[in-house]
Amino acid sequence: MQDKIQKLEQRIQILTKALNDLQNNYEEKVLELSIIRKTADLFTYEFDLKEACSKTLDILYLELLPEHSSILIRNPDTNIFEPYAVKGKKIPGKGLKKGLSTLFGNRFRMGVGAAGWAAQNKKIIYIPDVTKDTRFFEGFEQKVKISSLICVPLLNQDNVEGVLNLSHSSVNAFPKRNLNFLNILMKSIGAGIGNIRLFNEYTEANSSLLKANQDLQNTLNDLHETRKVILNSEKLSGIRVLAAGIAHEFNNILAGIYGYSELSLLNKNPYEIEANIKNILKLSDRGTEIVENLLTFAGKSKISKKTININTILKRLIKIIRPEFDNLGIALKEEYGKLDQIRCDSNQISQVFVQLMANAKDSMVEYNGGTISIITSQKKDLIQVNIVDTGKGIEPEILENIFDPFVTTKGAFGGGIPERHGLGLSLAYGIIKEHGGDIKIVSQPSNGCKVTVLLPSGPSRK
Ligand SMILES: Nc1ncnc2c1ncn2[C@@H]1O[C@H](COP(=O)(O)OP(=O)(O)OP(=O)(O)O)[C@@H](O)[C@H]1O
Ligand SMILES: [Mg+2]
């Protein structure tokens, strides 16, 4: 009986131990699972790699109780592992970080020392007693006592993102069963680090894209500003041309008036004095004409409108100029469409066509003739007059500012013959605009020129 009781007690003892072991094992597994969950959670909300490494070491401490721990991350450019987080017992005479940096915080290369070995072989290195493992001493300067050590490569698929180091001053400090758990952790931490890297690369790329976009916007703004400055300077240069033109015209007129007046003072012959005065009057008329032209261009001239058919104005004008054009070998072709009557200042509209016909004639003089076609047509509420010549055409640089006063390729300004003043088209432009119409010129050098005048005849007319 006694024997039986003893055996039973022994059995109970064995069972109790097994139960205790099971209980411990169970608690350990729960802790391990909670650590795996905590690290996984950590990497979903933490995007600062240093912070993430430091918090990982805090979480691991709960289970593994290392005296010193560190995470070193591989720099993909240099392939050197650099310290991102270090933790451990304070080392006398040194700051924690500084002391640890001599031990665990040491940068290392792939393959150098225990951590380098783990990284190169993509395997956890478990050293229960460092005195019995030569890999430990390679490349290390030991400032704190390390007797047992674990180095865990942090794997993101096949990539080594970093290494986790855990150490203790006593031998066999880490139970071998920890290795299974660390095997799972090395992949989840490695993947987490890879994700943070990716996220940071994306953010960096995104911010450089935003910066490039901002730079582009700034360049565009600068361009707008530059355009404004150029436009202003173009306006200014237009005004300069205008001022120079006026000065040139009136200088000529004043020089003439001055010359004839002086001659009259010196000369007592009444016939010659009369001839001089007539010349002075002619010059004054020229001055008045220029002023009137400029006023028309500026839209300041007086206009008196009556109802008339544009065909009538053209026919009258062509009848007058035809003999002169015949002499120059210039054929005039007239094609009149049926037109609505319009209200306009017929003198001024005649002036427009006089100027246009004069320009067409000038462009053909060098060619010893050619043809000018005058074609009219009604386009809905618009009357269209096309004057097409077979002359020398217009250079693009002249075409740009052709309606500005004093733009000419002829005479004193243009250097050509006959002497002209560059006022004809500006005058025509002013008149047509005053009548609510438009005037356009298309031309290519040596290919003649087509001038189109549009005048409103319907409700849009002024
Ligand atoms: N039909 C055309 N063919 C070729 N060039 C032309 C024609 N019409 C105008 N141009 C060019 O445009 C310039 C300006 O013409 P615009 O009538 O304003 O002045 P201008 O004829 O030079 O002088 P003004 O008319 O004062 O006598 C001319 O000098 C000429 O170079
Ligand atoms: Mg002209």
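Here is a quick briefing on how this protein model is put together.

The model is predicted, so keep its thresholds in mind: local features need pLDDT of at least 70, side-chain atom pairs count only at pLDDT 80 or more, and totals for chains, interfaces and linings use all residues. Residues are numbered from 1 along each chain as its sequence is written, while chains are lettered from A and ligands numbered from 1 in the order in which they are written. The protein comes to 11 helices and 13 strands (DSSP runs numbered from the N terminus, with helices being H or I of at least four residues and strands E of at least two). Of its 462 residues, 28% count as buried, meaning that 20 or more other C-beta atoms lie within 10 Å of a residue's own; 12 or fewer makes it exposed, anything in between partly exposed, and C-beta atoms are placed from the backbone.

**Nonpolar cores**
- A nonpolar core here is a set of buried Ala, Val, Leu, Ile, Met, Phe, Trp, Tyr and Cys residues joined through C-beta atoms within 7 Å.
- The largest one has 42 residues, and Ala115, Ala118, Cys151, Val152, Leu154 and Val163 touch the most other members.
- At least two residues of this core come from each of H2 (49-64), E1 (68-74), E2 (80-88), H4 (113-121), E4 (125-127), E5 (148-156), E6 (159-168) and H5 (178-266).
- A second, separate core holds 32 residues, including Ile310, Ile387, Leu425 and Ile431.
- Leaving out residues up to four places away in sequence, Val152 touches Ala118, Ile124, Val163, Leu164, Leu182 and Met186; contact means that C-beta atoms, placed from the backbone, lie within 7 Å.

**Helix H4**
- Seven of the nine residues of H4 are buried, so the helix is largely enclosed by the rest of the structure.
- The buried ones are Gly113, Ala114, Ala115, Gly116, Trp117, Ala118 and Ala119.
- They pack against E1, E2, E3 (108-109), E4, E5 and E6.

**Helices H1 and H2**
- The axes of H1 (residues 2-45) and H2 come within 10 Å and cross at roughly 170 degrees (axes are lines fitted to C-alpha atoms, for helices over the stretch in contact, and angles run from 0 to 180 degrees between N-to-C directions).
- H1 and H2 are therefore roughly antiparallel, a label for angles over 145 degrees.
- Among the residues that meet are Leu31, Ile35 and Phe43 in H1, with Ala52, Ile59 and Leu60 in H2.
- This contact divides into eight nonpolar, two polar and four charged residues; Ala, Val, Leu, Ile, Met, Phe, Trp, Tyr, Cys and Pro count as nonpolar, Asp, Glu, Lys and Arg as charged, and the others, Gly among them, as polar.

**The five-stranded sheet**
- An open sheet with mixed pairing runs in the order E8-E10-E11-E13-E12; strands pair if DSSP finds at least two bridges between them.
- E8 (330-335) and E12 stand at the edges with a single partner strand each, so one side of each has no neighbour in the sheet.
- E8 and E10 (residues 370-379) are parallel over six bridges, and Lys333 stands opposite Ser373 in E10.
- E11 (residues 382-389) and E13 (residues 449-456) run antiparallel, joined by eight bridges, with Gln384 opposite Leu454.
- E12 (residues 438-443) and E13 are antiparallel over six bridges.
- E12 and E13 form a hairpin with five residues between them, and Ser446 in the turn has a positive phi of about 60 degrees.

Definitions and conventions:
Two residues are in contact if their C-beta atoms, placed from the backbone, lie within 7 Å. Angles under 35 degrees count as roughly parallel, over 145 as roughly antiparallel, 65 to 115 as roughly perpendicular and the rest as oblique.
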